[in-house]
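This report describes the fold, the surface and the side-chain contacts of one protein. The sequence and the model are shown first, and the description follows.

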Amino acid sequence: MSENAVRQNGQLVRNDSVYGISNIEATIEGTSDDMTVVDAASLRRQIIKLNRRLQLLEEENKERAKREMVMYSITVAFWLLNSWLWFRR
């Protein structure tokens, strides 16, 4: 590879001056900063989505716990009533 050729994203790019090479490097660095901003925005969206999912799961868990408490109470009351009726015979 000669001094005037530069690799950019796996492709060979030929430049005739050092100024052209520094421009390409600055462009590559600029795109990485832009990609960082894009990555941060996409990560923020993913975190928001995960937070919503977690809130929904927590609400469902609370509702399930309430249902279980009611069902356990009904079951215990049934067995106590059944036991009382059986002992009364």
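The model is predicted, and the values below are computed from it.

## Overall architecture

The protein contains one helix and two strands. Their order along the sequence is β-β-α. The helix, α1, spans residues 18-88.

Of the 89 residues in the protein, 7% are buried. The accessible surface amounts to about 8500 Å², and carbon and sulfur atoms account for 59% of that surface.

## Salt bridge

Side chains of opposite charge can pair when their charged atoms come close. The structure holds one salt bridge.

How are R64 and E68 placed relative to each other in helix α1? The two residues are four positions apart in helix α1, so about one helical turn separates them. R64 is partly exposed, at 37% relative accessible area. E68 is also partly exposed, with a relative accessibility of 31%.

## Charged surface patches

Which residues form the positive surface patch? This patch consists of R45, K49, R52 and R53. R53 belongs to helix α1 and is exposed, having a relative accessible area of 58%.

A negative surface patch is made up of E58, E59, E60 and E63. Within this group, E60 is located in helix α1.

## Nonpolar surface patch

V70, M71 and I74 form a nonpolar patch on the surface. Together, these three residues contribute about 290 Å² of accessible area.

V70 lies in helix α1. Is V70 buried, partly exposed or exposed? At a relative accessibility of 47%, V70 is classed as partly exposed.

## Aromatic pairs

A search of the whole structure identifies two aromatic pairs. One of them joins F78 and W79, with a centre-to-centre distance of 5.5 Å and an angle of 75° between the planes. The geometry of F78 and W79 is edge-to-face, because planes over 60 degrees apart are assigned to that class. F78 is partly exposed, at 47% relative accessible area, whereas W79 is exposed, at 51%.

W86 and F87 also form an aromatic pair, with ring centres 5.2 Å apart and planes at 65°. The arrangement of W86 and F87 is likewise edge-to-face.

How values were computed
Residues numbered from 1 in each chain as written. Predicted model: local features only at pLDDT ≥ 70, side-chain atom pairs only at ≥ 80, totals over all residues. Heavy atoms only, no water. Patch = residues over 30% accessible without salt bridge, like charges linked within 9 Å, V, L, I, M, F, W, Y side chains within 5 Å. Areas by Shrake-Rupley, 256 points an atom, 1.4 Å probe, with all protein chains shown as cover. Salt bridge = Lys/Arg side-chain N within 4 Å of Asp/Glu carboxyl O. Lys, Arg positive; Asp, Glu negative; His and termini not counted. Charge placed at Lys NZ, Arg CZ, Asp CG, Glu CD. Phe/Tyr/Trp six-rings, centres within 6.5 Å; stacked < 30°, edge-to-face > 60°. Buried < 20%, exposed > 50% of the residue type's maximum accessible area, 1.4 Å probe, protein only.
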